[in-house]
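Please open the model in a viewer and keep the selection panel at hand.

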Amino acid sequence: MEYISTRGEAPVLNFEEVVLTGLARDGGLYVPKTWPQLSKDEIRALAGKSYAEVAAEVLQPFLGDCISPEDFREMTEKAYSSFSHKAVVPLSQLGANDFLMELYHGPTLAFKDVALQLLGLLYDHLLQRQGKKVTIVGATSGDTGSAAIEACRGRDAVDIFILHPAGRVSDVQRKQMTTVLDSNVHNIAVEGDFDDCQALVKAMFNDHDFRDQLGVSAVNSINWARVMAQIVYYFTTAVSLGGPDRKVSFSVPSGNFGDIYAGYCASKMGLPIDQLIVATNRNDILSRFFNSGEYIKEGVDPTISPSMDIQVSSNFERFLFDLYGRDAAAVRAMMSDLEEKGGFSVKMAQLNEATFSAGRSDEAETLSQISRTLEESDKLVDPHTAVGLNVAEKCRKDQTVPMVTLSTAHPAKFPAAVEKATKIHPELPERMADLFDREERLVQLPNDLATLQTYIKERARILSAT
Ligand SMILES: *Cc1c(COP(=O)(O)O)cnc(C)c1O
């Protein structure tokens, strides 16, 4: 499989190069040159297989000949053995035709583990083979950071630097990152918001000297391998609900558009999906886009679903590229309008052909959804999941099609909102019960590129080794 940049001005890469590179040199994102196809028979045959088996089968075409099927099968087995539920991504039922896809049974209790547990092993495998080291730099609004740290801790070939907005992640999220004391793990609280952190990471990627010197790599949702790993659960879920012979709809609590874009990829690969619902909180740039065709930046408003508090969605460009028939020049024009004029628009006719619907849930609606789900279905959900449930109800077109809401975090990750809505304090699972007693390590730095680069250079082992 070859990978091309959405801006058309970066070299074509293979899977191995794409995993280790992340963002393309022209500022674009890598996407597969073609969508591998699964026939209905092939999808049917996934029924009854383990999650790790399905992952190995569905993803193999994306690897080309970079990794042997045997090695990859071993990796998926190992990656998903770190989950506390045997089904890895189990389904639970909330109503006659309403389901929750529970994505939070991994080591850090959020859906990002599903992709990052695999990505950590991919890195290890590819780097060991090349005898190389990398420096991972990432920005997090909370969940990505802890999941990335869990995936990379203690690995010889990897140093990881994670930026989070100081004071703007939940205590549980911060503790999950800062109590990992492995010497290759560096937590940096940036004096700014998530978009500032993301802009710093982008700037470091666009500084080619810095990037080459340090072997900088990304585990952000811009890394293709992450999106790829997320495709799998759309297949396992659809198949367990009667797919491909029955269409299924998904409602996806969205921020950087990685999770729902993976659903779009699954549909491109042949999975019958009825609706893909983009669910946002009041930071609703995506919802406004799908309803008006206008993609216009606004400020970020902190919410009780902080992992979706974004101003622009980094993965969205991948979807635009397809929407414009893979016209890289059109993407470059839109992205420069976004940067210079703060927005761009597309024709609604074009958008209506996609399977997407979109809506938003404001803070009051999200809280009342948490309490309603507890009353009606005896299930405690986190605020991100509640956004998904609320918007699913608003956007659903056909009651006979199963509606699956992606439950992206365990309620104990966001105890304040859950307690406010229900008066119940959600308990951390046993294996994490002592989180608040563990020692923390982090530094706070100003929102300043040069300061940050110096800090990283002084600590990245790739420099001390040479
Ligand atoms: C990251 C995250 C999201 C948003 O996913 P995107 O891929 O960025 O759209 C939603 N919910 C939770 C709990 C998350 O951690």
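The stops below begin at the ligand and end at a strand residue.

The model is predicted: local features require pLDDT of at least 70, side-chain atom pairs count only at pLDDT 80 or more, and totals for chains, interfaces and linings use all residues. Residues are numbered from 1 along each chain as its sequence is written, and side-chain values use heavy atoms, with hydrogens and water left out.

The shell holds 15 residues, and the closest include Lys112, Asp143, Gly255, Asn256 and Thr408.

Next, display the N and O atoms around the ligand. A polar side-chain atom of Lys112 is 2.5 Å from a ligand oxygen atom. At Asn256, a backbone N or O atom lies 2.7 Å from an oxygen atom of the ligand. At Thr408, select the side chain: one of its N or O atoms is 2.8 Å from a ligand nitrogen atom. The ligand taken alone exposes 380 Å², of which the protein buries 97% (Shrake-Rupley method, 1.4 Å probe).

Then move to Ser92, in strand β3, residues 91–95 (strands are DSSP runs of E, at least two residues, numbered from the N terminus). Is Ser92 buried or exposed? Ser92 is buried, at a relative accessible area of 16% (buried means under 20%, exposed over 50%, with a 1.4 Å probe and protein chains only).

Notes:
A residue is near a molecule or strand if one of its heavy atoms lies within 4 Å of it. A polar contact is a pair of N or O atoms within 3.5 Å; within protein, one must be able to donate a hydrogen and the other to accept it, and residues adjacent in sequence count only if both atoms are side-chain atoms. Helices (H or I, at least four residues) and strands (E, at least two) are DSSP runs, numbered from the N terminus.
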